[in-house]
Amino acid sequence: MPPLHRRAFLAGLAGTAGVAAVACSGGAADGVTTDAPAPRRTAATEAARRLLPRHWDQITFRTVPKKANAEDSFQVTGRRGRITVAATDPATQLTGLRHYLKHVAHAGITWAGSRTDHLPERLPAPSAPLTGEANTPHRFVLNDTNDGYTGAYYDWAYWEREIDVLALHGYNEVLVYAGADAVYDRALQKFGYTDEELRAWIPAPAHQPWWLLQNMSSFPHPVSRQLLDARARLGRRICDRLRELGMTPVLPGYFGTVPPGFTDKNPGASTVPQGDWVGFARPDWLDPRTGHFARVAEAFYRAQDELFGPTTMYKMDLLHEGGKPGDVPVPDAAKGVEKALRTAHPGATWVILGWQHNPPKAITDAVDKERMLVVDGLSDRFPHVTDRENDWGSTPYTFGSIWNFGGHTTLGANTPDWAELYEKWRTRKGSTLRGISLMPEAADNNPAAFELFSELAWREGTLDLKSWFAEWSTARYGAADPHAAAAWDVLRRTAYGTTRADGWAEGADGLFGARPDLAAKSAAAWSPKAMRYEPAEFEPALGELLAVRPGLRRSSAYRRDLLDVARQALSNRGRVLLPRIKKAYDAGDAGRFDRLTREWLGLMDLLDRLLATDSRHLLGRWVADARAWGADAAERDRLAYDQLSLLTVWGTRSGADAGLRDYANREWAGLVGGLYRLRWGRYFKELRAALSENRTPEKIDWFTVEEAWIRDPGPLRTRPTGDTYRIAALIRERLASGE
């Protein structure tokens, strides 16, 4: 067990000694049970019932007061079949439950695979009280882009489980974008716009995160009234559940985004044109120094309170990714934004992303630093990031990670940086580090990274990664296994052994998802151009996972990890094969070109078969989720286009040409075997014809090809098919043979 915060917690429970007594009374030490009332229905109990339907009634949750000047804390005690978790709020009670499951029951629940089916009929007792205390107040989660790249069209069933899992992992601040479109629609109707005009300005849900960041608008289709209302209902439900668990919804604040024509409809108003963002026209920015801004902000916060209820944290990224202040002094703009927030919500915290050159000191020095929190997206990205206190004038900040961009399915993270930097930055003299921020651009992936990063805020002392991954392999599959431990040690040294020394936080994406080019180095324009570890050293992990004893292979956790490792090993092989194809083509060796391109397409077919075994890797399921929100066939088609365009061309031709195409590439069934194979097959066919005819290959208009596929991708599977283990074993054989 890693070291947990134990200081003073047991003493802090002295006034609630009856809690432990209740948990341990009523039966003999050998675990013989006596009749006991069912646990009282609390928010944590209801979550446990959802997560552990066979065992929830063996767990009692108790609320204890938070000590002065202390952080959230928990204690787990009990006997076999009767476990008590005492903690400061429902979410922390669930955090205590996760620690118990991992360290005592060798079980786990993550956002990408779980293992609980092996739990005995009666839950095992901890040998001693298990205690923990957060080492920071802020445990923030989700990226601004989450509502796009993870999924804009998930329903309440998804969000209910996601919130439960986030609470289990200790998070207490969750970014909520669902329904923000309804806030703008309601507020701006008071400033001369019709509902129809506003719904034409608001992007479809998959693209809304970048509209909320003031990067773009009006793409690809207007949102319907029913869709706006449905998303508002979902957003309210998410916020209410977070509050029930004692977590804080972090909602978008107002910092000046307005539709076209605002000054015409509101004489005397002053706006600043924002230019373009990667091929898109940016919305105008309303001068925050003005009375017009104050009135719009007041209407915005009133509408937001009506729809979702108030909160204490508001996310605003002033002048994000190239925003232009024009003739507005940035400090004055920051003061205007802050004043409007304080007027609506005195005492609220302004949350701002640490990204590129934001926030500049012109912002942080102009506001009340104690009411601002910078969620840093670059802590484990660049080696020159060493002194955030100096960068942001001692503004409170979090240690953050963005381990994937666009939702790439790449496995891995810079875990050595987490182990080295977090505790050092937190404990150094004058530190203003106040938390963690988990912000991959898409969630529900990389479960080991998810678990490890989440635990940073709940431990103290040195983090030994070798020991951590060994323990992870035991809890992940339900028992110790030498092959599981060996697999995860390989992964620790390769995919999870990278560091920020090379200026990257994510692994290289796969070349199967790239627009065809024999010289391709990445699929996305802003991704590493080479592997960040040696692929040959990664492949033994697949053989070790396949050798895990049969009794530990039944869980979704094992199947997910096996799929991830097999997929990554196969994807890595593409980087070895493509240069060989290029060499054969450049040499005019048609026979070798034919053999190698058949191998390439064969690997793509095998990859698609692997991915089709898991529902979370089905493009068809993702598209079906979008279609389910449509009121009629026409709207369902529009929403499917919204989803598919984001993963492929992203937006318009100009945006695709500017670098957005394939930014959100991922290895999913239906995408690998659909668009990606279509592109590479057509490309190889043209190259082969050029070889035969001794001519230059004709240029292919890929945007036209991609647009046609988006509008008619053909049948897409919505249910998994095939056996993950069998296909993973076939992949190992194929890789070992080199064919």
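**View 1. R666 sits over two tryptophan rings, W622 and W668.** The charged end of R666 is 5.4 Å from the centre of the W622 ring and 4.7 Å from the centre of the W668 ring. Here "over a ring" means that NZ of Lys or CZ of Arg is within 6 Å of the ring centre and within 35 degrees of the ring normal. This is a predicted model, where local features need pLDDT of at least 70, side-chain atom pairs count only at pLDDT 80 or more, and totals for chains, interfaces and linings use all residues. Residues are numbered from 1 along each chain as its sequence is written, and side-chain values use heavy atoms, leaving out hydrogens and water.

**View 2. Y184 and F300 make an edge-to-face pair.** Searching the whole structure turns up 48 aromatic pairs (Phe, Tyr or six-membered Trp rings with centres within 6.5 Å; planes under 30 degrees apart are stacked, over 60 edge-to-face, the rest tilted). In this one, the centres are 5.1 Å apart and the planes meet at 70°, so it counts as edge-to-face. The pair joins distant parts of the chain, with Y184 in helix α7 (residues 180–188) and F300 in helix α12 (residues 291–308), 116 residues apart. Helices are DSSP runs of H or I, at least four residues, numbered from the N terminus.

**View 3. W680 and Y683 pair up edge-to-face.** Their centres lie 5.9 Å apart, with 80° between the planes. Both sit in helix α27 (residues 671–693), three residues and so about one helical turn apart. W680 and Y683 are buried.

Terms used
Helices (H or I, at least four residues) and strands (E, at least two) are DSSP runs, numbered from the N terminus. Buried means under 20% relative accessible area, exposed over 50%, partly exposed in between (1.4 Å probe, protein chains only).
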